[in-house]
Amino acid sequence: MRICKMHVSAKQTTLRFYKERLLRVLVHIQEHLDEPLALEELARLACLAPYHFHHVFTGMLGESLASHVRRLRLERAATRLKFTEMPVVEIAFEAAYETHEAFSRAFRKAFGLSPAQFRKRNRTSARIQIPSGIHYQHRKRPGSFRAAQPEDKSMNVTIKHLKPMRVAFMRHVGPYNEVGKTWECFTMYLGKEGLLGSGSQFIGISHDDPAVTPPDKTRYDACVTVDGMFRAAGEIGVQVIPGGDYAMLTHFGPYEKLSESYAKLLGQWLPRSGRRLRATPCFEIYLNTPENTAPEDLLTDIHAPLEAK
Amino acid sequence: MTAKLDLYKLHKAEYVTPKKPALVRTKPAQYLAIGGDGAPGGTRFSACIGALYGAAFTIKMTRKFAGKQDYTVCKLEGQWFFGGDPAAVPKDQWKWKLLIRTPEFIARKDLAAAVETLLKRGKSPEMEEVALETIDEGVCIQMLHVGPYEREHETVALMRSFAEANGLQFSGPHHEIYLSDPRRVPPERLKTIIRLPATKQD
């Protein structure tokens with residue numbers, strides 16, 4: 001019984017631990033809504049590695065960092081329309097829209113009314129519904145938020161202890177939906193050198209948040225396990241993926257939706273697991289290949305590094 | 001540049017298999033092949049799979065690198081030689097030949113070059129046993145088996161009844177095409193095409 005109780009409290013402590021860290025970020029965002037928000041700085045406030053931060057944020061808040069900021073700016077605009085005489089153009093500009101039309105379009109999508117119509121109606125809420133309960137508040141700091149619950153209670157996460165893996169890798173810098181080209185080139189080189197076999201593991205490491213980093217600058221490493229004999233050459237480097245504990249979740253379906261599974265694992269499962277993230281990147285192991293598999297049948301094992309218990 | 005060649009798509013009629021016995025007419029096909037005996041999953045078996053895939057990937061990528069026609073590496077297949085009822089033969093005495101279907105334009109010199117590369121990489125001596133082989137199975141009875149390999153006898157029994165009802169008898173080795181990877185897919189969901197060459201009853 002006692003063990004059981006301790007276990008529950010460890011889980012609650014972890015949830016509190018991650019909530020407190022994200023709350024610092026949420027306060028910072030509300031106080032700096034007009035400044036460009038640097039991912040590195042927000043990640044630092046949360047004491048999380050930048051490559052973990054966006055998954056934890058999206059998973060826990062139920063919206064990405066970029067949509068969070070956009071929503072708060074729209075809510076602020078609605079508040080201004082409601083309580084001030086500020087011209088719409090000025091409000092649009094303040095909400096970081098370059099044209100009045102773009103602002104009107106986004107506003108109508110969020111509130112179902114044009115900014116002018118909204119201003120005329122008194123009782124319309126200036127809030128856009130969101131489960132986290134975090135909204136724009138004039139001169140008030142957010143005090144707490146509701147962490148998103150896993151939709152899928154049966155999220156099948158297993159904890160594995162892995163040995164370090166030596167991999168050959170080729171770095172891809174560019175849009176994530178173009179990593180296929182890097183893989184083609186990389187596997188062709190390895191294959192002709194006799195380095196691909198039935199035991200080869202195909203691994204991907206994403207270093208950036210595609211919602212924040214411009215597409216031409218996002219970094220990804222295409223990796224294949226190699227033995228100790230392999231030496232780095234030209235564009236192909238060698239790295240060691242650290243061993244240790246990892247939480248593993250299998251993603252079923254197209255690669256375009258991988259980030260949703262990352263957010264579930266890091267932002268929904270992890271904070272309730274009693275475990276903490278280790279500051280080394282996540283990686284994914286591809287169990288089959290789009291070369292002969294339909295997108296909906298693709299299987300990918302996502303691995304999130306955990307601190308030792 | 002020509003589109004990537006996928007032999008399973010090109011010869012679709014030979015691979016589309018329902019979950020009940022059906023007759024298919026197959027054409028001669030070239031395979032990378034390696035034979036041996038021992039239990040599936042055993043040391044020799046695994047070493048042979050490694051050698052076969054090593055050859056398949058190395059040949060494909062060497063050609064691709066040289067700008068020649070690209071193609072998809074096909075799935076693993078196997079022929080099994082039980083010499084009677086498989087249940088009566090201990091697993092470690094099973095004889096088999098592992099296969100990967102390979103385009104006709106792959107020649108012995110492509111294989112020889114790949115083997116040389118792989119041996120230089122320190123790959124196992126089984127590499128040298130990989131051969132190019134053409135197999136002509138002609139008319140076959142074929143059926144999709146879904147589930148663990150241990151229950152294949154149930155599928156084979158249905159195929160045997162089908163053969164008898166159609167005045168046919170099995171005439172060649174038991175051939176399997178592994179559509180699923182047993183390392184990734186749970187046994188109850190494994191998909192395997194079972195192909196049994198058949199001729200008219202004597």
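Strands here are DSSP runs of E with at least two residues, while helices are runs of H or I with at least four, both numbered from the N terminus. This is a predicted model, in which local features need pLDDT of at least 70, side-chain atom pairs count only at pLDDT 80 or more, and totals for chains, interfaces and linings use all residues. Residues are numbered from 1 along each chain as its sequence is written, and side-chain values use heavy atoms, without hydrogens and water.

Now look into that pocket. About 490 Å³ of space lies in the second largest pocket, and its lining has 22 residues, with A:Asn156, A:Leu249, A:Thr250, A:His251 and A:Phe252 nearest the centre. Strand E6 (244–252), helix H9 (258–269) and strand E8 (299–305) of chain A each give two or more residues to this lining. By class, the lining has eight nonpolar, six polar and eight charged residues. (Ala, Val, Leu, Ile, Met, Phe, Trp, Tyr, Cys and Pro count as nonpolar, Asp, Glu, Lys and Arg as charged, and the others, Gly among them, as polar.) A pocket is an open set of points on a 1 Å grid over the protein atoms alone, with protein on both sides within 12 Å along at least five of seven lines; a cavity is a set where a 1.4 Å probe fits but cannot get out, and lining residues have an atom within 4 Å of a point. A volume is the space filled by probe spheres set on the points, which are joined across faces, edges and corners.

Helix H9 also has a partner. Helix H3 (residues 50–61) of chain A packs against H9(A) at an angle of about 80°, with the axes 7 Å apart. Axes are lines fitted to C-alpha atoms over the stretch in contact, and angles run from 0 to 180 degrees between N-to-C directions. The two helices, H3(A) and H9(A), are therefore roughly perpendicular, a label for angles of 65 to 115 degrees. Among the residues that meet are A:His52 and A:Val56 in H3(A) and A:Tyr262 and A:Leu266 in H9(A), where contact means heavy atoms within 4.5 Å. This contact has five nonpolar, seven polar and no charged residues.

Next comes another helix pair. Helix H4 (residues 65–83) and helix H6 (residues 100–111) of chain A pack at about 90°, with their axes 11 Å apart. Their contact has nine nonpolar, no polar and one charged residues.

Finally, turn to chain B. The search of the whole structure finds one cavity of 30 Å³ or more. The largest cavity holds about 40 Å³ of space, and B:Leu32, B:Tyr71 and B:Arg101 are among its lining residues.

Methods
Chains are lettered from A and ligands numbered from 1 in the order in which they are written. Angles under 35 degrees count as roughly parallel, over 145 as roughly antiparallel, 65 to 115 as roughly perpendicular and the rest as oblique.
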